[in-house]
Amino acid sequence: MSRWVLGEFHSPEQLLEAARALRAQGFHRLDAHTPFPVEDVDGVLGLPPSRLPLVALLAGVGGAVGAYVVQWFTQAVDWPLNVGGRPLHSGPAFIPITFESAVLSSASAIFMGVMVACGLPRVTHPFLRMEAFRSASIDGFWLVVAVEAPQRGFEAEAALRELGAAVVLSVEDRP
Amino acid sequence: MPPLTDRYPLPVLGGPEPWRSLEARAQEEEGTSPEFPPGAEAAPRGVSRRALLELAAFGTAVSGLAGCFRAPNEKVLPYSRPPPEFTPGVPHHYATGFVLDGYVRGVLARSQEGRPTLVSGNPSHPESLGAAGAHEQASLLGLYDPHRARAVRHRDVPTSLARLFEMLRRRAARTDGGAGLRLLVEPSASPLWARTCAQLLERFPEARVVPFSSTDTGQAEAGARLALGRPLRAIPDWRAARAVVSLDDDFLSTAVGGLRASREFIAARMPPELNRLWVVESRLSLTGAFADERLRARPSRVPLIARGLAAEVGRVLGREDLATLAGSGPDLSTAERRWVEGAARNLAGHGARSWVAVGEAQPPAVHALAHLLNAALGDGTVRCVERVLVPPPDAGALSSLVEDLQAGRVDTLLITAWNPVFRAPTDVPLGAALERVEDAVYCALHEDETSARVSWSVPTTHPYESWEDGRAMDGTATVLQPLIAPLLDSAVSPLELVAAFTGALATPPYARLRAQWRAHVPPPESFEDAWERWLAEGIIPGTRLPELRVPVDASAVLAAVRRLPSPDEGLELHFVTDTKVHDGRFGANPWLQELPDPVTQLTWDNAVWVSPATASRLALSRGARVRLELRGRAVEAPVLVVPGQADDTLTVPLGYGQRLGSPVSRGVGFDAQALRFQDAPWFAPGVRLSRVEGHHDFALTQEHWRMEGRPVALQTTAARFAARDDSGLERLQAPQAHLYPPTPTHAEVRHRWGMAIDLHRCTGCSACVVACQAENNIPAVGKDQVRRGREMHWLRIDRYFQGDEHEPSVITQPLMCVHCEYAPCEYVCPVAATVHSDEGLNQMVYNRCVGTRYCSNNCPYKVRRFNYLEYNRGGPLDRMYRNPQVTVRSRGVMEKCTYCVQRIEGARITARVEGRDIRQGEVRTACQQACPTGAIVFGDLERPEDPVSQLHRDPRHYALLNHLGTQPRTVHLIRLKNPWEDAG
Amino acid sequence: MVALPAAIPVALLLLARNPLGTGAFEPVPQPVQFDHRHHAADEGIGCRYCHEGAWEGPSAGIPPTSRCMGCHAQIWNESTLLAPVRQSYFEDRPIPWNRVHRLPDYVFFNHAIHVHKGVGCVSCHGRVDQMARVEQVAPLTMGWCLECHRDPAPNLRPPEYVADMTWRPPGPARERGLEVMRALDVSPRTECSTCHR
Amino acid sequence: MSEPLPLAPVLADPLVVHPLLEERRTDAQLGEALLRPVLTKPGLGYWALVGLCAALTALLCVAITVTLVTGVGAWGNNIPVAWAFGIINFVWWIGIGHAGTLISAILLLFGMKWRSSVNRMAEAMTLFALVCAALFPLLHLGRPWKFYYLFPYPSSLRMWPQFRSPLTWDVVAVTTYLTVSVLFWYLGMLPDLATARDTAKQGWRRRVWGLLSLGWRGSARHWRHWRTGYLLLAGLATPLVVSVHTIVSFDFAVAQLPGWHSTIFPPYFVAGAIFSGLAMVLSLLVPARRALKLHAVVTQAHLDALARLLLVSGLFVAYGYVQEHFFGWYSGDPYEMHAMEILRTGPYAPAFWLVFTCNVLVPQLFWSARLRTNPAVLWAAALLVNVGMWMERFIIIVSPLSEDFLPSSWRHYAPTWVDLSLLSGTLGLFGLGFLLFLRFLPPIPISEVKALQHELAASEAFASDVSTREGGGR
């Protein structure tokens, strides 16, 4: 049973100050919802850099090796055919497909990675049911505090109002 | 929608009414649409409404996925009573003959599952020795022609054979001694026909057998009668002749009986010492293209040149009577003078080992003069043979018959000649006259112009469906045994019709044939054994005509030559028989219609041939439409500018422009016969030419005639080659260095198949093109598709012109897939549908090909053909002539020469079942087998003693496009010429 | 939601291969109820008596009606089951048998070379002498033929036992096969034009 | 808390004379303006265009049915010219696609700020061009129902595709390029779909865009992965673009036909692709800009930048022509010389000189800054370049095929009505796709423009702050 407290601000700068302030007051499970990526919000919220590049590299290399093995196996091992007197294992001719498969697998891995990392597709998230929260993708900069007990929730609401949040909401996620 | 289940709707228990007994069908349903709608032969014209509905229905049927992979139920139909020693799948070969212009050429027909599928030469027949011309190969399509006439018609009302024979019996029981009975036949050398005509004339002395042939107009015979006293036929000894002069005689074209002539002539021409061929002619023929010294002259000047030649020979030999011929008349031009002097000195130089040949088109006096020259050069006599054509060809016979018909003197006329109304001279109104005959019976292969005019039109059997006999040019007789039971129940062979008048109606032709030849067997041997041997061998031994040595009556000849008219001025019309459709009888044959003319590469059409100089003078270009008028008759025709054509001469091939007959020939080309008068059968002066607006689109298979200086088809003189001065050849022989490791797969290779094409031996007769088409199920695609560049021949003969436009030197180069070691087509195929076999074959797997066509783009020789449309969707008849050992390709599949891989694999299986290896020469490709001069040699390069290996080492060989590093397995050998000035 | 588009082709591939789809292995009804069990097993008639074409040419061939009438003119000549045979013989019309073993038109299979190189009838046609109605046993796909062409040894037998349904190789099959290969110079080819022309 | 360090200054790009955004508006107003084309009812002109494109697409379906039912024989192809309109259209369409990826991916890596407002439309153009391009490899097969032979699936025939052939590379390249373009486009559009979802009033629009935006909430975590993923995809798309058109050029360079077999083809084709793609972007952008009144967002700066890119790639293509003809002459090989000869003076000369004027002379207009920002001139030049690039593919493919090694096999090509309707039909399909995209999906990347606006506002604030601190303006 997780509860969140949300506060809407009107500019990325206000959001950053509020976030620093809340962290200073000991609220650590923070998140920010902004209509466009704000530069240094990750640093402020202390989010680790995304591990997507590693996933992409592994997928790319896997795709390349896989493609080369498929081509080598089919042309030189499974049914060696004399095609125009060209060598069975004609390396240079296998390179284009190897590169293309690398890009294909890497790109698919990236897309899947983003989907998994962001927990999408999750159309039924509780925030989406709140009419006010719609401004998060238009012009509002929302700061969200995840709290365990209702008591902590009230402290967070008070802190947010005190930091100048225009709208303060609290949401519960029914199991 | 046709039943998906049955693939081969052959006559089967309880199956649908088979189309064989149309006799019954003709009676019940009157006027039903014929079994095969017209145009079934031609390629589809795009999406017909029916095809779209068919596919829609098929689509919905297939959309149910359940069991969509279940193959349709197929029938297996064994014999009920099998013929002796018959094994399913193993072909049999039967010897029979092919009749053209009355003479027979021995052929061997391969019969698979009871139906003939390939006609090739009969090795034991003296005329063919295994080779076969284009017409023999394509004759199969005449048998399986879906447009053949099917119903007996009496005044356009379908009737039955019984009524026909009842009329014939009534007519045979006549008492006027045959005064009202006439037969219109083509001159034939067949002994059975000669005896039948004799019996008929014996019973009806008043009757007359009228000969009619549009190609043999009796001029050679008249010339022989003039020079030798009797109608004999001179026999040239091509092997011995070192110098040959041809006066407008195209003896190398295989249609006119040139199989033996071209073989022996080329045999006498092999390096190091070559014979020399002098040709004077008006249009570019095969012989002219092959000549060492060629002279262009309008047809009416040839007699003048012949006179000049005779005079020059007389001067050199010191014969006064000949020398005086030079006297009066217009003198020769400088080119003609140079040609005549050279020819005369060459002839005189070789004396008896020389020959002067004259074409049928020349007047009798020129033929006589040739006999005189040959006698003068030789020992005073001419080697000749009796003329065996019965009845002897006579140009005037037809006009006398027409007079009889118009006078009403004839009540019964039996026509066995092919479509005489179409082929009759234009001033002989045969068509109108036929309508006045009460009972005119015409043996119709198609419902053509003649069958529309006669009262009785009877479907005739194809020569391969009836018993007959025939004789070759040298007299060797052959029994023409049928290869299949008549496909049409209502078909009757001409012999059976004539039998009504010779009282032999009861005995079938087979019995009469055996009766006639029973006397020929010497007593100790039984007739049955001899008969079986004759049928197996294909020749009846001991029937060669005796050679006669006949002196020449010089004075009569010289008198006739002096009476020759002087040449005409202005435009001259020149008629020739077409190399493909002959006189029109092969017009219904799609293979021959689509065979590119060896000289003009024209298909499905004829044209007015005009020389470049005349064309520029009259402002004509290729495809321009003109109107030719001669003595009140006119014809509109397209123009084709042909280098090597005599100036002011308009050559028009005969045999086209048929208005009725088979849909394949209907409306193809223009009818030149309309300008052909009886007194001027071959050339006529005073033709008027006028432009007509509009452009004609020719279906040419080769549009560019120049080699652009590239080393493609090489030709040089024997002297220069002997002197080895053209170093270019080495560069084309050495294989190109390349970076690839040796070919990857198998270690031990038993065979390395290869081929060699000797351009020196190739005359361009195109027999190989049709042979390849017959063996490998290659479809004829129709004029529209050829015009779009989609003809399907795997083997094409490229013809290039070199030198200047007016006096071109011509070279023909047969080209098929050369099976490159490093094939550019293989590495670009994305689905490995074309890969290299361990024995060097570039294999084309039709069922794997998806049709990207990249292989054709990357092939530098452009020898790959693509099935752009469904060209093989014919009716049941279309399936019967197919070779079951070769896949019939569907739409969207690439195909090319496979070195007749079905013959290689067949030989390999037979050899390995017998536990031995493939013997040398056991595998012969279809083109190699058909070539009369042996220009194409296929064999195993692994064996050094194999002829093909020797040719691969021959100094004359070169690899086409060698610089690309493809290392072709087919090698060409350059052609050598033997021009006069070399010999000095 | 990505799985669905990938699943359909795989399902089609499987359906095209197993007998449910191709209906290959069901016994095929024939116009005459000819029972191989009775003729081949009980009467001991060898394959070569009726299908002699296999030793001579590409197709094994179905026996002509005259061969059936060889015996059935005397025995069972009144039986209603054999009415189509008699009708075919006296009307000189073939009996329309239904094809069981079907290869595509573009495949040129030759019985003679296989039979002479030691490939037994049972290897491809199965125990026909135990079949009431003949059915296809082997998949007869290109891959199946290729396996044997690439490694023929285990499937070869001395030529005299080719028509023997119950022959077992004495000892390991591969050795006996190798002996036959040496004896008969067996070297099956995998070049495309061997079967596709 | 010390006063925060000033942001790194976004110095005005010396080359960009014109402002990237015309006027400053609040995020909400900006979002509203950018979503106007999607949310408001389109005018009559829009429906007329859609009608025309739909008609052309119907013509395309007819042509496809005729081709599949009767076979490739319905086209004008023959032997030797076995490839014609089918492959020309394929190369042309896939070439057009590359500019979209160039603008959205490559310029992202270069940090070009002006790309943000045009990259979505360019990327959409890529997608629809790719759809049109992907039609032809199937259509021009002789037996299209056997296309699966091109893929390495475990078949009962134990046969595999032959991987030395450029056509197999094509199959992989086109599928990869199609997939990557879709993913890149969709990933980029996720935030804007969320914005559209939140701005929309009607219920059904909310549900549709809600589903399409997969529940995007714009949380910091989302943005973090999104930015990394987007950058990575852009990083992958750049070499992909170059490799795909190199492989397409291998279809010709690997063959040994004189006129095809030359090493200049890969760079020459890639430059040609980007050149024709930019032309198509301009020919779509200029009218869309006026119709959807996007002057504020797609400013003179963008047109100027695109024109400059067009000029540069035009010069590349010009270099390609000169190089090809120089190779032809310098090689001394009679076949190569002839292949180039028939272009300059032979039967294909008119086509060649049309190509030369369109692709080499027309871009020279854009040396003048005034012309670079004049929409009418830009649009006309773009259309001409499109025509020129199609004709260039025509002479590259058809002329070497029609006259190569053996003169006996020389023959010329003429298209049939099926060829022409396939070409015009795909244009219709492309137009229909783009128009529907404009109608149903946010055409301008809202989040990027907002970010850009904030950035510009921050840099202007910094610039004014710096100038005040240094005592008044410079």
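Analyst: Helices and strands are here DSSP runs numbered from the N terminus, a helix being H or I over at least four residues and a strand being E over at least two. Residues are numbered from 1 along each chain as its sequence is written, while chains are lettered from A and ligands numbered from 1 in the order of writing. The model is predicted: local features need pLDDT of at least 70 and side-chain atom pairs count only at pLDDT 80 or more, whereas totals for chains, interfaces and linings use all residues.

Along the principal axes, the C-alpha atoms of chain D fill a box of roughly 85 × 55 × 45 Å.

Of the 474 residues in chain D, 55% are buried. A residue counts as buried if 20 or more other C-beta atoms, placed from the backbone, lie within 10 Å of its own. Two residues are in contact if their C-beta atoms, again placed from the backbone, lie within 7 Å. Among the contacts in chain D between residues at least 6 apart in sequence, 83% join residues at least 24 apart.

Turning to the neighbours, 5 pairs of chains touch, and the pair with the most contacts is A and D. Chain D brings 53 residues to this contact and chain A brings 55 residues. On the side of chain D, at least two residues each come from helix H1 (27–39), helix H5 (166–199), helix H6 (203–212), helix H7 (220–253) and helix H15 (446–469). H7(D) gives the most to that side, with 16 residues. The side of chain D that touches chain A divides by class into 25 nonpolar, 19 polar and 9 charged residues. In this scheme Ala, Val, Leu, Ile, Met, Phe, Trp, Tyr, Cys and Pro are nonpolar, Asp, Glu, Lys and Arg are charged, and the others, Gly among them, are polar.

Chain D also meets chain B, in a contact that takes 43 residues from chain D and 45 residues from chain B. Helix H2 (49–63), helix H27 (854–858) and strand E36 (865–866) of chain B are the elements that give two or more residues to the side of chain B that touches chain D. The most come from H27(B), with 4 residues. This side of chain B has 22 nonpolar, 10 polar and 13 charged residues.

A:Arg86 lies in the loop between helix H3 (52–78) and helix H4 (91–117) of chain A. Not counting residues up to four places away in sequence, A:Arg86 touches D:Arg164 together with B:Tyr740 and B:Tyr827. A:Arg86 is buried, with 21 other C-beta atoms within 10 Å. Chains A and C, by contrast, have no contact, and their closest C-alpha atoms lie 9 Å apart.

A nonpolar core is a set of buried Ala, Val, Leu, Ile, Met, Phe, Trp, Tyr and Cys residues joined through C-beta atoms within 7 Å. The largest such core has 496 residues, and D:Val281 and B:Leu369 are those with the most contacts inside it. Leaving aside residues up to four places away in sequence, B:Leu369 touches B:Ala306, B:Ala310, B:Val557 and B:Val561.

The surroundings on chain B include an open sheet of 4 strands in the order E12-E11-E10-E13, with parallel pairing; two strands pair if DSSP finds at least two bridges between them. Its edge strands are E12 (293–296) and E13 (354–358) of chain B, each pairing on one side only. Helix H12 (residues 364–377) of chain B lies across E10 and E13 of chain B, at about 175° to E13(B). Such angles run from 0 to 180 degrees between N-to-C directions of axes fitted to C-alpha atoms, for helices over the stretch in contact. Within the sheet, 5 bridges join E10 (residues 243–247) to E11 (residues 276–281) of chain B.

Technical notes: Buried ≥ 20, exposed ≤ 12 C-beta atoms within 10 Å, placed from the backbone.
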